[in-house]
Amino acid sequence: MSNTNYSFFKSVETSFDKAAKFTKWDKGLLEQIKACNSIYSMRFPVRMDDGRIEVIEAYRVQHSQHKSPCKGGIRFSDEVNQDEVMALASLMTYKCAIVNVPFGGGKGGIKINPKKYSAYELEKITRRYTAELVKKNFIGPGIDVPAPDYGTGEREMAWIVDTYASLKPGEIDAAGCVTGKPVTQGGVRGRKEATGLGVFYGIREVCNMPEIMKKLDLKTGIEGKTVVVQGLGNVGYHSAKFFREAGAIVTSIAEYEGAIYKADGINEEELFLHRKTTGSILNFPGATNLAKNTDALELECDILVPAALENVINGENAPRVKAKIIAEAANGPLTPEADEILTAKGSVVVPDMYLNAGGVTVSYFEWLKNLSHVRYGRMEKRFTENLNTHILTQMEKLTEKTVGDKERSKILHGPDEVDLVHSGLEETMVSATREIMDIWLSNPDIPDMRTAAYVNAINKVATSYTELGIFP
Ligand code: NAD
């Protein structure tokens, strides 16, 4: 933000206050929920490959301990500052509450551009950061559990768990000190597609609600709905894939180099390969190139999925956005002004705060796996398959009919880790959507789904505080 007076944390507080008006909680309790409980601002020296010593600026914020541990990613970016980390930590508290993940919110940041450092320098920075967190008791499976965020991934998480485990010899649950690890280091299968799949499950549930579809003059269900996706990265690619597989028609995809349109639908996998070969999504066989990549946002469609950057729909282009449902897959794709314009037009904006919570939900499953020390499905897969074989054999005997091979393998299949992770994610996103909708539809004064999501989060965190006896 160019405006130096702008505070991301204050803007989160403003959204919170807007929603708090629809709750009945004590003012003091609301103040406690908003506040960041612990802020660790640190500086540490790291010797670079050329022999120089650089002082690194880094943060870890624990916004709320109403549930333990705290949870939230670590980002590596030039833009990191305390205000941003505080805001992101508070959003994690609300996000976790909405999707019933029993964690408080946390967030970490290291103020570096990772592209400017060698892998060895990044490893030293990450390990030293972890050691600082250990020294101050700011990390641990029961204290605070980081995860990947902007600029970090599996590799950094593997360094963190290795550093933590070597500083805490004998700690049996050490693997649960961080999530987003490689599967070989205690990660969970199904993490990669989790956010895109969560977006799909959330929107499918909205589309299955007759009262909302009636309001939007749409038929219930996903099948046949037209979808536009901005961004063919992790979230955009997987969202497009799950919508297409469920029978929706992905008519347009936008990337930074341009956008394409194909009325009978784009196969994201073929487009991905086309981009890999030609270096661009443009000139995809059977599709038309649009003049500008932002034109995709303004196309006639049922569902628009911005899955790339923040603030892409703003006061300038929002009046031209025609989508009836806006699925906030990215973080903050709408400015507050755009939000108001689209809400006034009658569009339904499904908010990022819960819609892109697939990642943190599956992180929770990874942490549970680490604490239980057993892969999901290991205990029940074979048992379920044996039982299903027995039931099917008996049914075939009694009916004197046999089931075809494809159906047979579907019926017999016992759950693998990825099946259980997907099913847990589906349950989470469906329940979260219903809870938010119930709040929105039961109070005509609540203007939009975002405010309803905040109300839901505030109610849950406040209830948790009162149940702890802190605010009787
Ligand atoms: P990514 O880097 O894999 O994908 C982003 C894509 O957007 C890239 O392919 C990039 O080329 C494209 N892009 C960049 N500028 C563009 C432009 N002007 N127009 C169209 N496309 C453009 O990142 P991601 O993990 O898919 O994350 C996307 C968004 O989702 C971010 O806002 C992120 O914070 C949010 N998010 C991601 C996760 C996750 O699990 N990955 C979880 C929650 C939220």
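1. Lys 369 belongs to helix 12, which covers residues 358-372, and in this predicted model the residue is in contact with Gly 186, Gly 187, Val 188, Arg 189, Val 374, Arg 375, Tyr 376 and Glu 417, once its neighbours within four places in sequence are left aside. Because its relative accessibility is 10%, and buried is the term for values under 20%, Lys 369 counts as buried. A reader checking this lysine in the model may wish to begin with the contact to Glu 417, and then turn to the run of contacts that includes Gly 186, Gly 187, Val 188 and Arg 189.

2. Glu 171 is placed in the loop between helix 5 (154-167) and helix 6 (194-207). With residues up to four places away in sequence not counted, Glu 171 touches Pro 141 and Tyr 164, and at 28% relative accessibility it counts as partly exposed. The C-alpha atom of Glu 171 is separated by 49 Å from that of Glu 257, a residue that stands 86 places away along the chain.

3. Which residues come nearest to the ligand? Of the 19 residues around it, these are Thr 195, Asn 234, Val 235, Glu 255 and Asn 331. Thr 195 places a polar side-chain atom 2.7 Å from an oxygen atom of the ligand, whereas for Val 235 a backbone N or O atom lies 2.8 Å from a ligand oxygen atom. In the case of Asn 331, an N or O atom of the side chain is 3.0 Å from an oxygen atom of the ligand. The ligand taken alone exposes 830 Å², and the protein buries 69% of that area. Helix 8 (234-245) and strand 7 (249-255) are the elements that give two or more residues to the shell around the ligand.

4. Strand 10 (residues 303-306) is covered on both of its faces, with Ile 303 and Val 305 buried on one side and Leu 304 and Pro 306 buried on the other. The strand pairs in the parallel sense with strand 6 (residues 226-230), over four bridges, and Val 227 has Ile 303 of strand 10 as its bridge partner. Strand 10 also pairs in the parallel sense with strand 11 (residues 325-327), here over two bridges, and in that pairing Ile 303 stands opposite Ile 325.

5. A separate point concerns the open sheet of five strands, in which the order is 1-2-4-3-5 and the pairing is mixed. Strand 1 pairs in the antiparallel sense with strand 2 (residues 53-62) over 10 bridges, and Ser 41 stands opposite Tyr 59 in strand 2. Helix 3 (residues 82-98) packs on the sheet, where it touches strand 1, strand 2, strand 3 (70-76) and strand 4 (104-110), and the direction of the helix makes about 150° with that of strand 4.

6. Some backbone features deserve a look in the coordinates. The peptide bond that leads from Ser 68 to Pro 69 is cis, with omega near -5°, and Pro 69 is found in the loop between strand 2 and strand 3. Asn 283 is a residue other than glycine with a positive phi, near 60°, and it lies in the loop between helix 9 (268-278) and strand 9 (288-289). Asn 311, likewise not a glycine, has a positive phi of about 55° and lies in the loop between strand 10 and strand 11.

7. Are these two asparagines buried or exposed? Asn 283 has a relative accessible area of 59% and is therefore exposed, the threshold for that term being over 50%. Asn 311, at 35% relative accessibility, counts as partly exposed.

How values were computed:
Residues are numbered from 1 along each chain as its sequence is written. This is a predicted model: local features need pLDDT of at least 70, side-chain atom pairs count only at pLDDT 80 or more; totals for chains, interfaces and linings use all residues. Side-chain values use heavy atoms; hydrogens and water are left out. Buried means under 20% relative accessible area, exposed over 50%, partly exposed in between (1.4 Å probe, protein chains only). Two strands pair if DSSP finds at least two bridges between them. Contact means heavy atoms within 4.5 Å. Axes are lines fitted to C-alpha atoms, for helices over the stretch in contact, and angles run from 0 to 180 degrees between N-to-C directions. A residue is near a molecule or strand if one of its heavy atoms lies within 4 Å of it. A polar contact is a pair of N or O atoms within 3.5 Å; within protein, one must be able to donate a hydrogen and the other to accept it, and residues adjacent in sequence count only if both atoms are side-chain atoms. Accessible areas come from the Shrake-Rupley method with a 1.4 Å probe; for residues, only the protein chains shown count as cover.
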